[in-house]
Amino acid sequence: QVQLVESGGGLVQAGGSLRLSCAASGRTFTIYDMAWFRQAPGNEREFVARINWGGENTYYKDSVKGRFTISTDNFKNTVYLQMNSLRPEDTAVYYCAARKYSVSDYDYWGQGTQVTVSS
């Protein structure tokens, strides 16, 4: 099993920045990649960004490219999401997720952290 704990959410004005952290524990050696998802009220959960556990490969939702950066610190078993130039439409609960295989759904999820961007 892998446990994920997010932190770093909060309230920020449009144009501001936040950095989310996701600390992984347990059988982290089984992780293939990790991702961030988000869910706004009334909307379905959507993919934001993912990174392989070694940190070499990243992939982003089009609307966050150039504004968000996903990275890993394997010594700390932590994944980060640096969010710059935030917009009100980025407001959502952000979830960290991990999976064991590239072709599988995400197996493990954190509890979520709220990000609110005011206009």
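These notebook entries record what I looked up in one predicted protein model.

**Entry 1. Ground rules**

I worked with a predicted model, in which local features need pLDDT of at least 70 and side-chain atom pairs count only at pLDDT 80 or more, while totals for chains, interfaces and linings use all residues. Residues are numbered from 1 along each chain as its sequence is written, and side-chain values use heavy atoms, with hydrogens and water left out.

**Entry 2. Salt bridges**

I began with salt bridges (a side-chain nitrogen of Lys or Arg within 4 Å of a carboxyl oxygen of Asp or Glu). How many salt bridges does this rule give? The count is six.

I looked up Asp33 and Arg99, whose side chains form a salt bridge with an N to O distance of 2.8 Å. Asp33 belongs to strand E4 (residues 33-39) and Arg99 to strand E9 (residues 92-99), so I noted a link between distant parts of the chain, 66 residues apart. Strands (E, at least two residues) and helices (H or I, at least four) are DSSP runs, numbered from the N terminus. Are Asp33 and Arg99 buried or exposed? Both are buried. Buried stands for under 20% relative accessible area, exposed for over 50%, and partly exposed for what lies in between (1.4 Å probe, protein chains only).

**Entry 3. A network**

Next I took Glu46 and Lys61, which form a salt bridge with the closest N and O atoms 3.3 Å apart. This pair also links distant parts of the chain: Glu46 is in strand E5 (residues 46-52), and Lys61 is in the loop between strand E6 (58-60) and strand E7 (68-73), 15 residues apart. Glu46 is partly exposed, because its relative accessible area is 28%. Lys61, with 24%, is partly exposed as well.

I then turned to Arg67 and Asp90, whose side chains meet in a salt bridge at 2.8 Å, N to O. Arg67 sits in the loop between E6 and E7, and Asp90 in the loop between strand E8 (78-83) and E9, so the pair ties together parts 23 residues apart in sequence. Arg67 counts as buried at 7% relative accessibility, and Asp90 is buried at 1%. I recorded that Arg38, Glu46, Lys61, Arg67 and Asp90 are linked in a network of salt bridges.

**Entry 4. The core**

Which of its 30 residues touch the most other members? They are Leu4, Met34, Trp36, Leu81, Met83 and Tyr94. Among the elements that give two or more residues to this core are strand E1 (2-7), strand E3 (18-26) and strand E11 (113-118). In soluble globular proteins, nonpolar side chains tend to be buried together.

**Entry 5. Loop residues**

I found Thr28 in the loop between E3 and E4; Thr28 counts as buried at 11% relative accessibility. Leaving aside residues up to four places away in sequence, Thr28 is in contact (heavy atoms within 4.5 Å) with Val2, Trp53 and Asn77. The C-alpha atoms of Thr28 and Val64 are separated by 27 Å.

Asn77 lies in the loop between E7 and E8 and has a positive phi of about 50° although it is not a glycine. At 23% relative accessibility, Asn77 is partly exposed.

Finally, I noted Ser85 in the loop between E8 and E9. Its phi is near 50°, a positive value in a residue other than glycine. Ser85 is partly exposed, with a relative accessible area of 41%.

Note on methods. Core = buried A, V, L, I, M, F, W, Y, C linked by side-chain atoms within 4.5 Å.
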